[in-house]
Amino acid sequence: MTVLERCVSALVLVIAAFAVVFMLTPLVVTVIVSFGSASVFTLPPPEWSFRWYERLASLRGFAPALATSVQIAALSTAIALVMGTMCAIALARGKVRGSEAIISFLVSPLMLPGLVIGIALLQFFREIGLRDAWVSLLLAHVVITLPYVARTVIGALSLFDFTLIDAARTLGHSYPAAIRKVLVPVLGPAFMTSGMFAFLASMDNYPISIFFSDAWTKTLPIQMLQYVEERPDPTIAAISTCLILLATLAMIIGDRLVGIRRMAQF
């Protein structure tokens, strides 16, 4: 390795380290502030305390908003897994004209600003007469979670040899049994990866959820915004730390079940 190559490698490492520190610093600050005793955002905290986490148990509107977010995220992820897998199999297995355009359409919600998608869905739901906030939230979250599943499963299916299903059928399995015993285990890592990102994306979504929330149906990000407007204290940092912990646990579980490197392939 020449001197120039060493300098370039060192520069790349320095830039990468700076990017990691730049991205993780706000998260570290949030976690530290959440364990402080002060009623304002103070760094470093004067004393360490769990008072803001204890306050979550009696915080007005926190439990219903959390329950709504978990229900919407779980259901939208489940629906997206079914629909996304069906779309991926049809595009990968069948000879569909304009498949590349269809794939681009499926992942388009990831390319558009959330406010644009929210306004478009709001107008569409009004045109079809859908007024229920909970159902509107669910359908909107299916729209934003479906791209994670569809794109990931399509990538996994592009590496799958469909002749294995035919081989399983020649050995006596029915078509559904061959799908269950051959295809599903292969797609397990893709399901795990896409489901994890879809669930977290739904839990954290704000720009779309704000269009479909009302006084009785609020997701956790919307409720957090209300807390900031009413009383900006480190309770928000405590809630944010719990969400950071949720994402970390999801990554740990994914690493244990699938492996980070295998998940990164999708």
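**Figure 1. Thr-235 is a buried residue, at 1% relative accessibility.** The view is taken from a predicted model. Thr-235 belongs to helix 10, which covers residues 235–257. Leaving aside residues up to four places away in sequence, Thr-235 touches Trp-52, Arg-55, Leu-56 and Leu-59.

**Figure 2. Ser-39 sits in the loop that lies between helix 1 (3–34) and helix 2 (51–55).** With a relative accessible area of 44%, Ser-39 is partly exposed. Although Ser-39 and Pro-232 are 193 residues apart in sequence, their C-alpha atoms are 9.0 Å apart in space. When residues up to four places away in sequence are not counted, Ser-39 touches Arg-51, Trp-52, Asp-233 and Pro-234.

**Figure 3. Arg-51 is placed over the face of Trp-52.** The distance from Arg-51 to the ring centre is 4.1 Å.

**Figure 4. Aromatic pairs in the structure number 6, as found by a search of the whole structure.** Phe-124 and Phe-125 form a tilted pair, with 5.9 Å from centre to centre and 50° between the planes. Phe-124 is partly exposed, at a relative accessible area of 46%, whereas Phe-125 is buried, at 4% relative accessibility. Elsewhere, one aromatic cluster is formed by Phe-35, Phe-50 and Tyr-53.

**Figure 5. The largest nonpolar core contains 21 residues.** The members that touch the most other members are Val-153, Leu-157, Phe-160, Ile-165, Leu-183 and Leu-187. At least two residues of this core come from each of helix 3 (62–93), helix 4 (99–107), helix 6 (133–157), helix 7 (163–170) and helix 8 (175–204). Helix 6 gives the largest share, 7 residues. In soluble globular proteins, nonpolar side chains tend to be buried together.

**Figure 6. Leu-157 is shown with the residues that it touches.** Not counting residues up to four places away in sequence, these are Ala-88, Ile-89, Ala-92, Phe-162, Leu-183 and Leu-187. Leu-183 and Leu-187 are, like Leu-157, among the residues that touch the most other members of the largest nonpolar core.

**Figure 7. Helix 4 and helix 6 cross at roughly 140°, and their axes come within 8 Å.** The two helices are therefore oblique to each other. On the side of helix 4, the contact is made by Ile-103, Leu-106 and Val-107. Helix 6 contributes Leu-146, Pro-147, Ala-150, Arg-151 and Ile-154 to the contact.

**Figure 8. The setting of these views is a protein with 11 helices and 0 strands.** Read along the sequence, the pattern is α-α-α-α-α-α-α-α-α-α-α. The C-alpha trace spans about 70 × 70 × 35 Å along its principal axes. The protein has 266 residues, of which 36% count as buried. Among contacts with a separation of 6 or more, 69% are between residues 24 or more positions apart.

Notes. Residues are numbered from 1 along each chain as its sequence is written. This is a predicted model: local features need pLDDT of at least 70, side-chain atom pairs count only at pLDDT 80 or more; totals for chains, interfaces and linings use all residues. Side-chain values use heavy atoms; hydrogens and water are left out. Rings of Phe, Tyr and Trp (its six-membered ring) pair if their centres lie within 6.5 Å; planes under 30 degrees apart count as stacked, over 60 as edge-to-face and the rest as tilted. Buried means under 20% relative accessible area, exposed over 50%, partly exposed in between (1.4 Å probe, protein chains only). A charge sits over a ring if NZ of Lys or CZ of Arg is within 6 Å of the ring centre and within 35 degrees of the ring normal. A nonpolar core is a set of buried Ala, Val, Leu, Ile, Met, Phe, Trp, Tyr and Cys residues joined through side-chain atoms within 4.5 Å. Helices (H or I, at least four residues) and strands (E, at least two) are DSSP runs, numbered from the N terminus. Contact means heavy atoms within 4.5 Å. Axes are lines fitted to C-alpha atoms, for helices over the stretch in contact, and angles run from 0 to 180 degrees between N-to-C directions. Angles under 35 degrees count as roughly parallel, over 145 as roughly antiparallel, 65 to 115 as roughly perpendicular and the rest as oblique.
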